[in-house]
Amino acid sequence: MEQSGTSALLQGVVQDLASGVASALRGGGHAPFPGGAPPDERAQGVLLAAVRVLGADVLLPRVLDRTPPAGQELAVFRGAIEAFRPQADAAPTVRRSHWGMVRGLRTVDAAHGPAHGDAGAEPDAGWLYEAPWQSVTHRLSVLAALALPGEDCALNRAAQHRVVDVSRGFVRAVRRATGALRATPHDLLTFLEAHLGPDTTPLPGALRAVRTPLLRRGLDHRHVHTLTWFRHPTDGGPMYFHSGATLGQQAFLGFRPGTAVAAVCTRRFRARDPFVATAYALPAEH
């Protein structure tokens with residue numbers, strides 16, 4: 001019973017910390033840690049464990065905003081590093097995430113880092129080159145904390161080496177969601193913007209890979225499919241698009257060189273509904 005109660009408490013603290021990080025990234029503040037010190041030793045231990053679960057992501061708002069961390073934040077983060085040092089036989093993901101936390105601490109406050117030791121050499125990521133694609137995409141999703149755009153690291157190099165496998169993992173995750181995938185209009189536009197300028201993103205190869213034609217169908221094989229998009233020719237270059245609907249809404253994404261459109265409708269899909277045709281015409285004809 002005690003273990004069950006601790007697990008439930010840990011889950012709640014992890015959710016609170018994650019919400020605090022998300023709020024800070026959205027501009028809602030810069031303090032993902034709850035105010036005040038934990039009231040007892042058990043609560044302190046749960047807090048340290050929750051920080052270890054989130055890993056270096058806890059410091060992401062500080063890194064991106066270049067804001068100095070509070071003393072309590074540093075103390076809790078250091079405590080999590082010390083309390084959960086990887087064992088000699090720890091899995092590569094555990095060693096990697098621990099190294100990322102130490103490096104993250106040094107990144108946000110270099111003055112305090114040396115007192116707690118150097119992050120050391122980056123853990124080997126050679127196993128990512130040979131692992132099955134399912135394992136690669138899962139482990140990259142776990143290890144991608146603090147993967148800043150443009151930063152050269154072993155994970156980034158491994159992902160660039162296996163762009164098709166990364167794309168397969170993304171498609172698999174979307175299909176498993178089966179309608180539960182949620183995105184704001186801003187998210188959709190950010191996604192399209194990345195496709196318009198893949199060289200400005202950390203994974204330009206992956207964005208190009210999902211636009212590579214894979215099969216043709218229909219009369220005279222005029223309909224072209226890529227890994228994630230339909231592709232049609234236009235006067236302004238190839239146009240990529242996809243649409244979908246649930247019982248209560250519709251969405252359309254489309255882009256071609258130089259322009260893109262994200263359209264969302266909160267009206268139930270009906271046969272001969274003009275929504276998709278209207279949204280399709282915007283990038284196709286302009």
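A salt bridge here is a side-chain nitrogen of Lys or Arg within 4 Å of a carboxyl oxygen of Asp or Glu. Keep that cut-off at hand for the first stops. The model on screen is predicted.

**Stop 1: R208 and D199**

Select R208 and D199. They form a salt bridge, with the closest N and O atoms 2.7 Å apart. Now colour by accessibility. D199 is exposed, because its relative accessible area is 59% and the exposed class starts over 50%. R208 has 39% relative accessibility, so it counts as partly exposed.

**Stop 2: the other bridges**

How many salt bridges does a search of the whole structure find? It finds four. Side chains of opposite charge can pair when their charged atoms come close.

Go to E122 and R96. Their salt bridge brings the closest N and O atoms to 2.6 Å. This pair links distant parts of the chain, 26 residues apart. R96 sits in helix 5 (92-108). E122 lies in the loop between helix 5 and helix 6 (127-130). Is R96 buried or exposed? R96 counts as buried, because its relative accessibility is 6% and the buried class is anything under 20%. E122, at 28% relative accessibility, counts as partly exposed.

Next, select D165 and R162. Their side chains meet in a salt bridge, 2.7 Å from N to O. Check burial on each side of the pair. D165 has 14% relative accessibility, so it counts as buried. R162 is buried too, with a relative accessible area of 10%.

**Stop 3: helix 7**

Select residues 133-143, which make up helix 7. Highlight W133, V136, T137, L140 and L143: these are buried. Why do they fall on the same side of helix 7? They cover an arc of only 140° around the axis, which puts them there.

**Stop 4: H232**

Finish at strand 3, residues 230-232, where H232 has its place. Show the side chains of H232 and Y280. A polar contact of 2.8 Å joins them. Which residues is H232 in contact with, leaving aside its neighbours within four places in sequence? They are H223, G237, P238, M239, F241 and Y280.

Notes:
Residues are numbered from 1 along each chain as its sequence is written. This is a predicted model: local features need pLDDT of at least 70, side-chain atom pairs count only at pLDDT 80 or more; totals for chains, interfaces and linings use all residues. Side-chain values use heavy atoms; hydrogens and water are left out. Buried means under 20% relative accessible area, exposed over 50%, partly exposed in between (1.4 Å probe, protein chains only). Helices (H or I, at least four residues) and strands (E, at least two) are DSSP runs, numbered from the N terminus. The arc is that of the directions from the helix axis to the C-beta atoms. A polar contact is a pair of N or O atoms within 3.5 Å; within protein, one must be able to donate a hydrogen and the other to accept it, and residues adjacent in sequence count only if both atoms are side-chain atoms. Contact means heavy atoms within 4.5 Å.
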